[in-house]
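Hello,

Here is the structure I promised to pass on. My notes follow below it.

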Amino acid sequence: MTFDEFANKIRNIFQKWDMSVVDDTLKLSRPDTENIIFVFSKERFNQLYTETAVNASDKSLELCIDNCYYEVLLQSDSIRYGIDNEVKEYRDDVNKIKYVQGAVSEKFAFWLLYNGDVEVLSALIKRARIAFYVMMSDVSQDGENSLLDLISKCILRRYNSLIIESENKMNLNKAQSYMYAYVYTYMFNMQTSIYPCFDIESLFPQRRMSRRNGDFDHPKKIYNQELITYYNEAISSAVLSHKYLSFYHILEYFYEDIFMEDQISKAREIITDVGFSYKRKKDIVKLINNIHSKAIDKDVAINEKAALSLLIHKHIPQGLLKDRLIDRYGNEFLDKLKHKVEFSDGNVIIFSEADKKQYVESLTNRIYKTRNAIVHSKASFTEGKKNNKYQPIRDDEELFPEIALIQVMAEIIINDNAYEM
């Protein structure tokens, strides 16, 4: 990307700002604060491009340069985190490592602008309007200010970065191991959550699979209040695994009732059969075996998996699920369901009018395997057995469509359980 192309990208990011390029210097200002100018020169562009072009990471929020410098964005669920941007510095004299936590560097701000998606960066700018006015007291009111300062001290004011500098060589994996060591040490001592963000889109978890309906009509039904609580937990959570499990709890709410309903139905079918006699031992054994086969499986407590299957069969017809998914996320979303979930070995979903059993079984297996991969994070030492577990950050991208899928299923269940006013 040339300087001119970079300037054009800045123009597209700051859509409602005034921008010009004068004497190889980009100048940017808001229409309502036109005397406050943010600048970025072609010379500085070339310097930073040379420094960051050797980045060992292809992520928009991660730098690993020259085997000695590492920087990543840190986010927190705490509302106070990052507000004061206080610089914290720690030195490990034994391993010759320095850790610095504070506002992002110029290199990092440049890398973000250079690699970040224009649409997402624009959303980040819009979200920082209040922070911009807070920043005004710290900038020159009638002179020139750095564009990169605008990014680090205003646009990313809610975040910190962690810079790791090592006198010994460190590749990307080694640098990340140092980073995670710092993250845990910080959380243990401060009792505040922090976690790394590698891509700018991770700052907008709802944007991945979210399409709002805009205006809406008045309520027409009364909904189960406990299910609404689970739904609220899912919608509001920034932790993807918790979001998924909160939607899953909506399905799980009905497991006991629907499973027992099926058990009673099967038992009633056997004992009311014309050939059944409670006096014959083999008939009683048949009844016991039928109940037993529905309750236990070699690997899992099949009552829960069987209940999920019964719930899907009874309340989530494939035509309705497809229509809701397409309406919410578009036709292309169905293509995602034609691929397995790698981290959980979740099944491909088979939509088949000719064999509806395939649809129920494949959807049941996908949901149940993904749920288990999130809940059961234990390592497997069994030879030849795949260790199917969800790993935060690594598997986040793959989990987004699974959250979208189970959200629509939960909404169908909530609606099916509601009653008219």
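Which helix holds arginine 366? Arginine 366 sits in helix α16, residues 356–375. Helices (H or I, at least four residues) and strands (E, at least two) are DSSP runs, numbered from the N terminus.

First, the ground rules. This is a predicted model, where local features need pLDDT of at least 70 and side-chain atom pairs count only at pLDDT 80 or more, while totals for chains, interfaces and linings use all residues. Residues are numbered from 1 along each chain as its sequence is written, and side-chain values use heavy atoms, with hydrogens and water left out.

Back to arginine 366. It counts as buried because its relative accessibility is 1%. Buried means under 20% relative accessible area, exposed over 50%, partly exposed in between (1.4 Å probe, protein chains only). Contact means heavy atoms within 4.5 Å. Leaving aside neighbours within four places in sequence, the contacts of arginine 366 include Lys336, His339, Asn347, Glu402 and Leu405.

Aspartate 4 is another residue to look at. Aspartate 4 lies in helix α1, residues 3–13. At 58% relative accessibility, aspartate 4 counts as exposed.

Now the whole chain. Its secondary structure comes to 17 helices and twelve strands. Of its 421 residues, 43% count as buried. Among contacts with a separation of 6 or more, 71% join residues 24 or more positions apart. The chain exposes about 23700 Å² (Shrake-Rupley method, 1.4 Å probe; for residues, only the protein chains shown count as cover). Carbon and sulfur atoms supply 49% of that area.

Best wishes
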